[in-house]
Structures are given as C-alpha cells and as structure tokens.
Amino acid sequence: ILDLARLITLDFSINMRAISVQSHDGIFEGTVSLYVQDIDSLNILLDNIRKVQGIESVKRLLST
C-alpha cells in the first residue's frame, strides 16, 4: 500500500480522494479514488501501478 501511495502522490503528484482496502486469506483487494487532469495521465498512472510488485490487476471504474 505504501508503494502504491508513493507512486500516486509523489511520482505523479495526483491527489487521492479515498482509499479502501479489504483482506481475505492473505489477499488484499482495494479501491483508490483519484483526482486526475485527463485520461492520458490516468492511463500512464495505471500502467505504472501495474508494475508495482505484488499488484496483480488494475482496472478503471467509472464513478456514478
């Protein structure tokens, strides 16, 4: 979680709106809400999050 937060806030200077993490049988799953400037910035961030060790999948959810 620390590596993810550093990547988002320090490397990309993006403000996290909310973070939620759940754990079950040693597997963590979570949601991070972000304020981003544009879709290109988001796509670059998602690609870099996928490179963080331990993260198996990343997907974008549209807020309603």
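Modeller: Of the protein's 64 residues, 17% count as buried, meaning under 20% relative accessible area with a 1.4 Å probe, protein chains only. This is a predicted model, where local features need pLDDT of at least 70, side-chain atom pairs count only at pLDDT 80 or more, and totals for chains, interfaces and linings use all residues. Residues are numbered from 1 along each chain as its sequence is written, and side-chain values use heavy atoms, without hydrogens and water.

Colleague: How many helices and strands does the protein have?
Modeller: The protein has 2 helices and 2 strands. Those are DSSP runs, numbered from the N terminus: H or I of at least four residues for helices, E of at least two for strands.

Colleague: In what order do the elements run?
Modeller: From the N terminus, α-β-β-α.

Colleague: New topic. What volume does the largest pocket have?
Modeller: About 1,300 Å³. A pocket is an open set of points on a 1 Å grid over the protein atoms alone, where a 1.4 Å probe fits, with protein on both sides within 12 Å along at least five of seven lines. The volume is the space filled by probe spheres set on the points.

Colleague: Which residues are closest to its centre?
Modeller: Gly-30, Thr-31, Val-32, Val-58 and Lys-59, out of 33 lining residues. Lining means having an atom within 4 Å of a point.

Colleague: Which element gives the most to that lining?
Modeller: β2, with 9 residues. α1 (2-11), β1 (15-24), β2 (27-35) and α2 (39-49) each supply at least two.

Colleague: And how big a box do the C-alpha atoms fill?
Modeller: Roughly 35 × 30 × 15 Å, along the principal axes.

Terms used
Buried means under 20% relative accessible area, exposed over 50%, partly exposed in between (1.4 Å probe, protein chains only).
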